[in-house]
Amino acid sequence: MKIYDRYSDKEMADFGLKGTLPQHVGIIMDGNGRWATKRLMPRPVGHRAGMEALHVIVRESHRLGIKALSVYAFSTENWKRPMQEINALFSLLTEYFEKEIDELNANKVKIIVLGDLSPMPEKVKNAMNKAMERTKDNDGLRFCIALNYGGRSEILRAVKNVSASGVDPEKIDEKLISDNLYTAGLPELDLVIRTAGEQRLSNFMLWQAAYAEFVFTNVLWPDFDPEEYRRCLIEFMKRTRRFGKVVE
Ligand code: IPE
Ligand code: IPE
Ligand code: MG
């Protein structure tokens with residue numbers, strides 16, 4: 001699949017693009033706080049700007065025909081932040097989904113929450129449950145929002161579910177664990193992008209990232225735009241994925 005219509009197959013080959021677009025992109029949206037601090041503004045201003053970047057990148061993912069986009073919005077470790085910042089983030093997320101749901105639904109986007117909503121404030125829970133319910137039959141872009149998400153707690157939860165089902169331990173395989181993760185049924189994670197210069201996973205999709213490619217960019221999340229997204233996708237498409245095999 002081409003990134004932009006204006007590139008011919010020959011041009012794609014000239015770019016050295018070996019692969020196709022990733023089916024499933026994960027984004028660790030980092031750097032909102034620094035973006036605001038640089039402007040002598042409070043951190044939530046950066047989170048608001050980050051929501052605008054998210055709007056643009058979801059739209060672009062839909063336009064490119066990406067199958068699944070998983071974005072890290074709030075980690076299980078982010079509860080360590082000041083309550084004021086957490087509340088500002090939750091309000092922005094609620095506002096985002098209430099405002100965007102019509103456009104997302106019209107574009108056949110299916111919203112999926114990765115994470116445990118139970119300790120979230122009622123208004124966040126309601127907005128997310130409504131968004132999931134309304135879009136559950138859509139067959140377009142899978143837009144997964146990792147909210148109160150941690151890779152380790154996701155694996156732990158899967159193991160508990162499997163154990164509670166009483167399955168014979170000999171029958172436990174990788175597929176059974178995968179099927180009990182929040183991402184059950186989604187395509188394999190192909191690419192993880194992290195903005196703002198940090199080069200770590202911070203507990204994001206530990207199981208799913210086993211064979212993902214990583215692209216790190218110094219751009220702060222609120223400044224991440226379709227141009228930078230394209231640069232990351234092209235970087236991905238230049239990689240040779242071996243999956244343990246010998247590849248010429
Ligand atoms: C990412 O931006 C958003 C969340 C983690 C919710 P940060 O808030 O982590 O911004 P920095 O890393 O402090 O700049
Ligand atoms: C990771 O960013 C979590 C999200 C983007 C939601 P953090 O800013 O929380 O990660 P650390 O603390 O720098 O590892
Ligand atoms: Mg950060």
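User: Which element gives the largest share of the shell around ligand 1?

Analyst: Helix 2 does, with 3 residues; helices (DSSP runs of H or I, at least four residues) and strands (runs of E, at least two) are numbered from the N terminus. The structure is a predicted model, in which local features need pLDDT of at least 70 and side-chain atom pairs count only at pLDDT 80 or more, whereas totals for chains, interfaces and linings use all residues. Residues are numbered from 1 along each chain as its sequence is written, chains are lettered from A and ligands numbered from 1 in the order written, and side-chain values use heavy atoms, with hydrogens and water left out.

User: How many residues surround ligand 1, and which are the closest?

Analyst: The shell holds 13 residues, the closest being Met-29, Asp-30, Gly-33, Arg-34 and Arg-81; a residue is counted when one of its heavy atoms lies within 4 Å of the molecule.

User: Which residues surround ligand 2, and which strand gives the most to its shell?

Analyst: Among the residues around ligand 2 are Ile-28, Met-29, Asp-30, Tyr-72, Phe-74 and Arg-200, and strand 2 (residues 68-75) gives the most to this shell, with 3 residues. Polar side-chain atoms reach oxygen atoms of ligand 2 from Asp-30 at 3.2 Å, from Asn-78 at 2.9 Å and from Arg-194 at 3.3 Å. Ligand 2 exposes 390 Å² when taken alone, and the protein buries 78% of that.

User: What makes Arg-34 and Asp-30 a salt bridge?

Analyst: Their closest N and O atoms are 3.3 Å apart, and a salt bridge needs a side-chain nitrogen of Lys or Arg within 4 Å of a carboxyl oxygen of Asp or Glu, so the pair qualifies. A search of the whole structure finds 18 salt bridges. Asp-30, at a relative accessible area of 16%, is therefore buried, whereas Arg-34, at 36%, is partly exposed, the limits being under 20% for buried, over 50% for exposed and partly exposed in between (1.4 Å probe, protein chains only).

User: Where in the chain do Arg-48 and Glu-95 lie?

Analyst: Arg-48 forms a salt bridge with Glu-95, the closest N and O atoms being 3.0 Å apart. The two link distant parts of the chain, with Arg-48 in helix 3 (residues 43-64) and Glu-95 in helix 4 (residues 83-106), 47 residues apart. Both count as partly exposed, because Arg-48 has a relative accessible area of 41% and Glu-95 one of 32%.

User: How far apart in the chain are Glu-122 and Lys-125?

Analyst: Glu-122 and Lys-125, whose closest N and O atoms in their salt bridge are 3.4 Å apart, are 3 residues apart in helix 5 (residues 122-135), about one turn of the helix. Elsewhere, Asp-190, Glu-213, Glu-235, Arg-239 and Arg-241 are linked in a network of salt bridges.

User: Why is Thr-195 called buried?

Analyst: Thr-195 is called buried because its relative accessibility is 0%. Thr-195 belongs to the loop between strand 5 (191-194) and strand 6 (213-216), and its side chain reaches the backbone oxygen of Asp-30 at 2.7 Å.

User: Why does Leu-181 count as buried?

Analyst: Leu-181 has a relative accessible area of 4%, and therefore counts as buried. Leu-181 is found in the loop between helix 7 (174-179) and strand 5; Leu-181 and Leu-114 are 67 residues apart in sequence and 8.8 Å apart in space, C-alpha to C-alpha.

Note on methods
Polar contact = N/O pair within 3.5 Å; in protein donor to acceptor, adjacent residues only side chain to side chain. Areas by Shrake-Rupley, 256 points an atom, 1.4 Å probe, with all protein chains shown as cover.
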